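Subject: Structure handover

Hi,

Here is the structure for your files. My notes follow below it.

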Amino acid sequence: MKFTELSLHEQVLKGIKNSGFETCMMVQEASLPISLNGRDLMVQSKTGSGKTAVFVITFLEKYLRNLEEGKKTTCLVIAPTRELAQQIELVAKTLSSGIEGFRTGCFYGGVGYDKQEKLLKKGCDIYVGTPGRLIEFMKEGTIESKKITTFVIDEADRLFDMGFYPDLKRIFNMLPPREERQTMLFSATLEEKVRNMAWEYMNDPETIEFESDSITVEQITQELYHISKAEKFMLLLQLLKRENPKEVLIFTNSRYMTTTLSRRLSANGYSTACLSGDLSQKAREESLAKMKSGKVRILVATDVAARGLQIDDLPLVVNYDVPEDYENYVHRIGRTARAGKSGKAITLADEEFVYGLEAIEKFINMKIPVIWPKDLPEVEDKSLNMNLRANEKPKKASKKPEPKKTNARPATSKPKKTVQAKHLGSMTEAERLEYYKKKYGFEAVKSQETATDTQKEEKPGKKGFLAFIKKLFKKD
């Protein structure tokens with residue numbers, strides 16, 4: 001079915017044309033006739049199936065219809081990761097390019113508030129972002145939650161996996177009643193928890209189910225190599241030379257290995273970038289931008305990028321480490337063979353992570369074909385004698401701020417007590433008596449000694465001092 005068959009506004013069709021779309025994908029053809037009529041929708045569809053266009057086009061059409069009637073229409077889209085939120089924003093901006101004055105804003109944590117608050121002051125028609133930051137703005141009223149007319153949950157199963165279930169319930173409770181809004185939920189799998197949320201907060205949603213993301217994409221050629229940890233990097237170099245991919249996404253299980261692998265590949269002449277959880281948001285965006293623009297050939301990533309990462313026409317994914325979570329295997333290799341295209345996924349199983357294979361093969365209900373490393377091209381590993389830690393940028397020593405000049409006397413009572421205690425402890429008995437004599441004055445001691453008739457004629461001496469000190473300092 002072509003988009004022109006859906007009786008859409010000309011401005012919406014212009015945005016669709018600007019996006020390069022002409023024929024509907026399966027999920028779009030099944031969902032749009034329902035969602036365009038205002039029905040709530042719950043869709044099970046794998047990553048890369050075109051579901052983002054479903055809810056964006058649905059909202060754009062509603063926006064224009066209500067605009068003609070003088071009504072305000074606002075959409076809120078929740079995504080599990082910043083990367084996915086940014087991709088939704090990009091798709092929405094392209095699809096809405098035919099509508100003058102239409103604004104889409106992206107909101108997520110890990111960055112400052114200034115830019116996002118300026119965007120909020122201008123006003124948005126589509127708010128897309130991660131739960132935490134959106135809740136902040138909704139609570140303070142900069143996003144008027146009661147005026148949201150369309151609510152979209154993307155990658156619902158992933159949101160639940162990441163612990164956002166309570167946040168989603170909170171957002172639902174901040175929105176207008178379900179009868180007064182349209183809600184669309186998209187998920188790779190419609191598990192019981194997802195369906196329960198739909199039953200509780202959605203208005204009799206229409207359910208559409210396509211192939212679950214838990215089933216391996218048929219178009220992906222999978223290969224498995226059993227290799228020792230010591231020989232794994234050399235095998236990777238040989239495979240990269242043999243495959244010679246235009247772009248490749250390599251997954252590791254740790255941030256340290258992501259950095260190490262990237263540096264070793266760079267030493268061997270490959271242009272690389274990293275993507276992991278310890279990077280700043282700016283650094284992560286730069287890595288993705290370099291990959292998408294073709295500035296780097298290889299992106300080395302942890303599972304933080306396994307969901308929501310979209311790189312068009314990616315021919316090869318390499319699992320340098322077998323994922324410890326069996327579901328992540330599907331999410332990783334699903335970065336290739338998107339939109340019905342073919343792709344290849346290579347997994348290197350060493351002695352440390354090989355134990356994860358059984359759960360993966362049980363989950364995908366198939367044995368990954370084992371390939372024995374033979375007839376591979378010869379390569380030279382130029383990173384063998386490389387000092388990886390030496391390449392790390394030294395951290396700048398943080399300068400301690402100079403104390404402000406003030407007339408106030410610094411608080412020194414605590415340090416003095418500590419010094420005094422140490423000082424007294426090291427004194428002999430005679431020295432301590434002399435110290436107390438100077439500290440409290442001879443007259444005070446003398447008055448204590450003459451308090452009784454028996455002491456009137458007694459000269460103040462060591463015994464009198466001891467009696468006085470014991471009375472003042474019982475702990476001594």
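Of the contacts in the protein chain with a separation of 6 or more, what percentage comes from residues 24 or more positions apart? The figure is 74%, where contact means heavy atoms within 4.5 Å.

Two points on conventions. This is a predicted model, with pLDDT of at least 70 needed for local features and 80 or more for side-chain atom pairs, while totals for chains, interfaces and linings use all residues. Numbering runs from 1 along each chain as its sequence is written, and side-chain values use heavy atoms, leaving out hydrogens and water.

Overall picture:
- The protein chain has 18 helices and 13 strands (DSSP runs: H or I of at least four residues, E of at least two, numbered from the N terminus).
- It has 476 residues, and 48% of them count as buried (under 20% relative accessible area, 1.4 Å probe, protein chains only).
- Its accessible surface is about 26200 Å², with 50% belonging to carbon and sulfur atoms (Shrake-Rupley method, 1.4 Å probe).

Next, S35. It sits in helix α2, residues 26-35. Its relative accessibility is 1%, so S35 counts as buried. The S35 side chain makes a polar contact of 2.7 Å with that of T58 (N or O atoms within 3.5 Å, one able to donate a hydrogen and the other to accept it; residues adjacent in sequence count only if both atoms are side-chain atoms). Beyond four places in sequence, S35 is in contact with L41, V54, T58, Q182 and M184.

Last, the cysteines. The whole structure has zero disulfides (cysteine sulfur atoms within 2.5 Å). For C124, the closest cysteine sulfur is in C106, 10.0 Å away, which is too far for a bond. C124 is buried, because its relative accessible area is 4%. C274 is buried too, at 17%.

Best wishes

Technical notes: Buried < 20%, exposed > 50% of the residue type's maximum accessible area, 1.4 Å probe, protein only.
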